[in-house]
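Have a look at the model first.

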Amino acid sequence: MAEAWIGMGRGYDIAGYPGQAGESWLAANVAFEGERTTLSRLADGIKSDGAFKTLVTDARGPQTQWFLSDSRTLTQPRLAYLLRFLERADTQLAVRRVAGLDEMSATLEENRHNLEVFAQVIEHHGGMNDLLVAARELATTGRALGQQVLQARQQASGLLDELALAFVANEDRRMEHAIDRTEQQVAHLYEYLALEKLAYEASGESPQ
């Protein structure tokens, strides 16, 4: 995207349309600054809510939101960055690990809840003492496993956050570099136009 914006201005410049070239580079600068704002918001979201929610969960969102302009301003860029983020094998693994632990945690919690309800029903009817003990033991084991999964999830989420913040920082540096390039192009263009004006004035002619 950055190269396309810069190339458009360069194309106008080569074709002999310096005014349009300048407008194109200035528009590119505005786009790049907007992209840096989006990246800053993503970084803030990762720090406050975690990378999995900010980049994965929120990027999907309800389908109806895709038709709302206020939602598109961040939802679509977030999805684009998620796809770019997932180009690397290590980030794919990190995302799968967090997603898998979330699924495991939900399954354990559901099974624990079912066992506790089952134990209450058995106790209420006053029978099958061995079965009641087994159900309660399984529920306790499920609760302990749930805590272990939660700890593993926190560790996996921390690693994913580190990868995501490094990715966002790198993308921000790319946008900063693109801004520097367009500003250089605009500066060169202004210098060229100033020199051209001086040449016309020295020859006694008026600029075209």
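1. Which residues make the nonpolar surface patch of about 400 Å²? In this predicted model, the patch is made by Leu26, Tyr190, Tyr192 and Leu193. Helix α6 (residues 129-203) gives the largest share, three residues. Leu193 lies in that helix and counts as partly exposed because its relative accessibility is 33%.

2. On to charges: searching the whole structure turns up ten salt bridges. One of them joins the side chains of Arg36 and Asp172, at 2.8 Å from N to O. Arg36 sits in helix α2 (residues 18-49) and Asp172 in helix α6, so this pair ties together parts 136 residues apart in sequence. Arg36 is partly exposed at 24% relative accessible area, while Asp172, at 19%, is buried; the cut-off for buried is under 20%.

3. Arg84 pairs with Glu171 in a salt bridge, with the closest N and O atoms 2.9 Å apart. Again the pair links distant parts of the chain: Arg84 is in helix α4 (residues 69-85) and Glu171 in helix α6, 87 residues apart. Buried or partly exposed, which is Glu171? Buried, at 4% relative accessibility, whereas Arg84 is partly exposed at 34%.

4. Glu116 and Arg143 form a salt bridge too, their closest N and O atoms being 2.5 Å apart. With Glu116 in helix α5 (residues 89-125) and Arg143 in helix α6, the pair ties together parts that are 27 residues apart in sequence. Glu116 is partly exposed at 25%, and so is Arg143 at 38%.

How values were computed: Residues are numbered from 1 along each chain as its sequence is written. This is a predicted model: local features need pLDDT of at least 70, side-chain atom pairs count only at pLDDT 80 or more; totals for chains, interfaces and linings use all residues. Side-chain values use heavy atoms; hydrogens and water are left out. Patches are made of residues with over 30% relative accessible area and no salt bridge: like charges are joined within 9 Å, nonpolar side chains (Val, Leu, Ile, Met, Phe, Trp, Tyr) within 5 Å. Accessible areas come from the Shrake-Rupley method with a 1.4 Å probe; for residues, only the protein chains shown count as cover. A salt bridge is a side-chain nitrogen of Lys or Arg within 4 Å of a carboxyl oxygen of Asp or Glu. Helices (H or I, at least four residues) and strands (E, at least two) are DSSP runs, numbered from the N terminus. Buried means under 20% relative accessible area, exposed over 50%, partly exposed in between (1.4 Å probe, protein chains only).
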